[in-house]
Amino acid sequence: MKGALAWALVAMWASPASAAMQTMTLSCAVAYLPARSTWVREVQIDWEGQSMRAIRIDGVAPYRYGLLPQGFITAIDNERIQLDLKQAQWTSDFRGQASGQGRCEVLAR
């Protein structure tokens with residue numbers, strides 16, 4: 001549901017209380033290869049106005065993250081994660097040994 005994610009972001013930025021901290025929760029169904037298993041990953045993003053202030057993936061805050069034009073990139077437990085917020089797309093890899101791709105949808109904002 002990439003449209004729902006985009007509208008959720010627009011609604012957060014356009015709201016009168018946009019200066020206050022808001023948390024967006026995403027559910028990402030990620031298919032991992034070569035194991036052929038699917039895991040549901042929860043991503044929470046704290047926003048203050050149009051600025052991303054914090055990220056948590058499955059309740060774990062990464063040590064650092066980098067902002068991209070359409071999302072962010074980070075790493076947790078040797079998994080390099082890239083989340084494209086405009087396309088609602090999760091992409092990750094485990095140092096070339098395994099990879100994951102999935103779609104995300106908004107659970108709460």
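Which residue in E2 is the bridge partner of Ser27? In this predicted model, in which residues are numbered from 1 along each chain as its sequence is written, local features need pLDDT of at least 70, side-chain atom pairs count only at pLDDT 80 or more, and totals for chains, interfaces and linings use all residues. Side-chain values use heavy atoms, with hydrogens and water left out.

The bridge partner of Ser27 is Glu42, in E2. Strands (E, at least two residues) are DSSP runs numbered from the N terminus, and two strands are said to pair if DSSP finds at least two bridges between them. Across 12 bridges, E1 and E2 pair in the antiparallel sense. They belong to an open sheet of 8 strands with antiparallel pairing, in the order E3-E2-E1-E8-E7-E6-E5-E4. E3 and strand E4 (65–68) are the edge strands, each pairing on one side only. From one strand to the next the twist averages 25°, where axes are lines fitted to C-alpha atoms and angles run from 0 to 180 degrees between N-to-C directions.

Two hairpins involve E7. E6 and E7 pair in the antiparallel sense over 5 bridges, and Gln82 has Thr91 in E7 as its bridge partner. This hairpin has 4 residues between the strands, and Ala88 takes a positive phi near 55°. E7 is also joined to E8 by 5 bridges, again antiparallel, with Ser99 in E8 as the bridge partner of Asp93. Here 5 residues lie between the strands, and Arg95 in the turn has a positive phi of about 50°. In a regular strand the side chains alternate between the two faces of the sheet. In E7, Trp90 and Ser92 make up the covered face, whereas Gln89, Thr91 and Asp93 make up the uncovered one.

In soluble globular proteins, nonpolar side chains tend to be buried together. A nonpolar core is a set of buried Ala, Val, Leu, Ile, Met, Phe, Trp, Tyr and Cys residues joined through side-chain atoms within 4.5 Å; buried means under 20% relative accessible area, exposed over 50% and partly exposed in between (1.4 Å probe, protein chains only). The largest such core has 18 residues, and those with the most contacts inside it are Leu26, Cys28, Val43, Ile45, Leu83 and Trp90. E1 supplies the largest share, 5 residues. Leaving out residues up to four places away in sequence, Cys28 is in contact (heavy atoms within 4.5 Å) with residues including Val43, Leu83, Trp90 and Cys104.

The whole structure contains 2 aromatic pairs. Rings of Phe, Tyr and Trp (its six-membered ring) pair if their centres lie within 6.5 Å; planes under 30 degrees apart count as stacked, over 60 as edge-to-face and the rest as tilted. Tyr32 and Trp39 form an edge-to-face pair, 6.0 Å centre to centre with 70° between the planes. Tyr32 and Phe94 form a tilted pair, 6.0 Å centre to centre with 50° between the planes. Tyr32 lies in strand E1 and Phe94 in the loop between E7 and E8, so this pair ties together parts that are 62 residues apart in sequence. Tyr32 is buried at 7% relative accessible area, Trp39 is exposed at 52%, and Phe94 is partly exposed at 29%.

Glu79, in strand E6 (residues 79–84), is buried at 3% relative accessibility. Beyond four places in sequence, its contacts include Tyr32, Arg41 and Phe94. The side chains of Glu79 and Arg41 make a polar contact at 3.0 Å, defined as a pair of N or O atoms within 3.5 Å; within protein, one must be able to donate a hydrogen and the other to accept it, and residues adjacent in sequence count only if both atoms are side-chain atoms.
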